[in-house]
Amino acid sequence: MAKDAFTEEEKKRIVNAIKEAEKNTSGEIQVHLENHCKEDVMDHAAHIFKTLKMHKTELRNGVLFYMAIKDHKFAILGDAGINNKVPENFWDDIKEHMLSHFKNGDLTAGLSEGIKMAGEQLAAHFPYQKDDENELPDEISFGKN
């Protein structure tokens with residue numbers, strides 16, 4: 001199971017990266033891990049995005065980091081609110097940075113740094129509001145496969 005691909009300490013590092021990134025923004029970041037993705041990774045990430053109700057955030061500023069570990073596929077999917085603000089190649093730049101860590105076998109560092117980079121852009125475009133509420137859970141979600 002995908003849940004077993006990371007130690008408890010690695011899972012904590014990823015969740016802490018989410019919490020840290022969300023401190024300065026009203027944006028929401030989620031990580032979803034599975035072992036396999038049998039379809040186009042972006043199509044499947046869009047399905048997961050909807051399943052996790054990420055499109056329901058008030059400002060449409062959710063970001064999903066999706067990974068199919070055994071199939072070596074991953075995607076970053078931003079909602080309409082954030083996609084309208086960031087440069088066109090923004091997600092590709094983060095993916096390339098993450099991929100350099102993945103190639104060295106460090107999935108945790110890749111995810112953590114990608115989350116940090118996304119958080120910086122979210123903070124620039126969707127600063128933290130004092131009445132902000134955490135609309136989505138910070139915990140990692142796992143697929144059944």
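Strands β2 (residues 62-68) and β3 (residues 73-78) pair in the antiparallel sense over six bridges; strands are DSSP E runs of at least two residues, helices H or I runs of at least four, numbered from the N terminus, and pairing requires at least two DSSP bridges. The model is predicted, with local features needing pLDDT of at least 70, side-chain atom pairs pLDDT 80 or more, and totals for chains, interfaces and linings using all residues. Residues are numbered from 1 along each chain as its sequence is written, and side-chain values use heavy atoms, without hydrogens and water.

The two strands form a hairpin with four residues between them, and H72 in the turn has a positive phi of about 55°. M67 stands opposite F74 in β3. Five of the six residues of β3 are buried, so the strand is largely enclosed by the rest of the structure; buried means under 20% relative accessible area, with a 1.4 Å probe and protein chains only.

Nonpolar cores are sets of buried Ala, Val, Leu, Ile, Met, Phe, Trp, Tyr and Cys residues joined through side-chain atoms within 4.5 Å.

| Core | Residues | Members include |
|---|---|---|
| Largest | 29 residues | V31, L33, V63, F65, W91, L111, I115 |
| Another, apart from it | twelve residues | C37, V41, A75, L77 |

Leaving aside neighbours within four places in sequence, L111 is in contact (heavy atoms within 4.5 Å) with F6, I14, V31, L33, F65, M67, M98 and F102.

Helices α1 (residues 8-22) and α5 (residues 107-125) pack at about 5°, with axes 9 Å apart. They are therefore roughly parallel, the class for angles under 35 degrees; axes are lines fitted to C-alpha atoms over the stretch in contact, and angles run from 0 to 180 degrees between N-to-C directions.

Terms used: Angles under 35 degrees count as roughly parallel, over 145 as roughly antiparallel, 65 to 115 as roughly perpendicular and the rest as oblique. Buried means under 20% relative accessible area, exposed over 50%, partly exposed in between (1.4 Å probe, protein chains only).
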